[in-house]
Amino acid sequence: NKQIIFKDYIHGFPKESDMILKTSTIKLKVPDGCSDAVLVKNLYLSCDPYMRSRMSKIDDNYVPIFTPSEPMSGDGVAKVVDSSHPDFERGELVTAITGWEEYTLIKSSESESETHFIRKIHHTNVPLSYNIGILGMPGMTAYTGFYEISKPQQGDTVFVSAASGAVGQLVGQFAKLSGCYVVGSAGTKDKVDLLKTKFGFNDAFNYREETDLDAALKRCFPQGIDIYFDNVGGEMLDAVLPNMRLNGRIATCGMISQYNLKPAEGVRNLLYIMAKQIRMQGFLVYHYRHLYPKLFDLVEPLLEQGRIAYVEDVAEGLESAPAALIGLFSGRNVGKQLVRVASD
Ligand code: NDP
């Protein structure tokens, strides 16, 4: 069983060497006496920015931290290879919090508590990996942050940062479907092209090439921004605040520009929250799981009718997982970053 082991707590930017490949032998069978357990073969693993928060020892962390010398873990698509659990049969496809390894044994205490969130896959007419993308946590994040937190109205002007990523590409398309004017920022020319051609953004810019973010935002939003879907925080948030319209909404989804910095950068333009009566609200997708049926109701027909796109970046092989994860922090990924561990 090949595994990617989390070496030890880190500071600053994560490196490939913070994770080590280890191989051990296991029996492809639920151990005798282990009731209500499921042994799964991992097919796809998800790389997500929140994993960085799991790599540092922070007392009041909002997600459980990784244990040094244990495998990394995260959302995965897997196939049941053996089961002593009455609800899961050999051969069934599931999503779960799986280890970064070829096979994971999910024990009863874990499958029944909230730890592993093991669920059967019902969406079989879409690529399997969509179950941890557009129909999984990133889809739910885009849905919650846009519809529940931002409260869009037809004609609103919407700005999305990290717009070509797992979450951002969906927010842009949801905004278009809601009759909004939407502009995205991303870190390369190819990503900017993707925003305009594949995802239907009205406009887009490469924030790395703009010498003046305020000027770029004024160029794209001469009348100001009604909704800012913030994936990055920092300098971009600072530039957005003065460009917000009266009664604008900011959905604080993430602040990826800050995750590797200690201390985080200061934001100087907070006064505009008062002056422009902005409502700025953070959210954690984990508290909105009850909305999954709403996400499915919205997205399934759109997928069927080919009215929504989802771009994925699939790294091949478990060995490529560390590089894929750290690539999120330099913008190496184009779309939702996944690792294909096995095809079946
Ligand atoms: P992405 O697929 O968008 O990947 C991360 C992207 O962030 C990179 O590709 C890069 O794109 C951009 N980025 C990296 N470093 C920086 C930087 N210093 N400044 C600006 N942009 C940067 O990730 P996700 O879509 O999965 O996540 C997007 C955000 O949503 C993250 O902040 C994440 O933490 C957050 N999130 C929050 C959730 C919640 O419950 N609140 C749940 C899920 C995600 P580029 O090339 O364009 O710079």
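Start by selecting Phe159: at 0% relative accessibility, this residue counts as buried. Buried means under 20% relative accessible area, exposed means over 50%, and partly exposed is in between, using a 1.4 Å probe and protein chains only.

Before you go on, a word about the model. It is predicted, so local features need pLDDT of at least 70 and side-chain atom pairs count only at pLDDT 80 or more, while totals for chains, interfaces and linings use all residues. Residues are numbered from 1 along each chain as its sequence is written, and side-chain values use heavy atoms, with hydrogens and water left out.

**Stop 1: the rings**

A search of the whole structure finds 13 aromatic pairs. Rings of Phe, Tyr and Trp (its six-membered ring) pair if their centres lie within 6.5 Å; planes under 30 degrees apart count as stacked, over 60 as edge-to-face and the rest as tilted. Phe159 and Phe205 are a stacked pair, 5.8 Å centre to centre with 5° between the planes. Phe159 belongs to strand β8 and Phe205 to strand β10, 46 residues apart. Strands and helices here are DSSP runs numbered from the N terminus: E of at least two residues for strands, H or I of at least four for helices. Phe205 is buried too, with a relative accessible area of 2%.

Now select Tyr181 and Phe221. Their ring centres are 6.3 Å apart and their planes meet at 85°, so this pair is edge-to-face. Tyr181 is in strand β9 and Phe221 in the loop between α5 (213-220) and β11, so the pair ties together parts 40 residues apart in sequence. Which of the two is buried, and which is partly exposed? Phe221 is buried at 3% relative accessibility, whereas Tyr181 is partly exposed at 32%.

**Stop 2**

Switch to a cartoon view. Six strands form an open sheet in the order β10-β9-β8-β11-β12-β13, with parallel pairing; two strands pair if DSSP finds at least two bridges between them. Look at the edges: β10 (203-206) and β13 (279-282) each have a single partner strand, so one side of each has no neighbour in the sheet. On average, neighbouring strands of this sheet are turned by 15° against each other, direction ignored.

Zoom in on β8 (residues 157-160) and β11 (residues 225-230), which are parallel and joined by three bridges. Select Val158, and you will find its bridge partner in β11, Ile227.

**Stop 3: the helices**

Next, select helix α2 (residues 137-150). It packs on the sheet and touches β8, β11, β12 (244-252) and β13; contact means heavy atoms within 4.5 Å. The direction of α2 makes about 150° with that of β11. Axes are lines fitted to C-alpha atoms, for helices over the stretch in contact, and angles run from 0 to 180 degrees between N-to-C directions. Helix α3 (residues 168-177) lies across β8, β9 (181-186) and β11, at about 170° to β8.

Residues of α2 including Met140 and Tyr143 meet residues of α8 including Tyr292 and Leu295.

**Last stop: strand β1**

Finish at β1 (residues 2-6): four of its five residues are buried, so the strand is largely enclosed by the rest of the structure. Five bridges join β1 to the antiparallel strand β2 (residues 19-23), and the partner of Ile5 there is Ile20.
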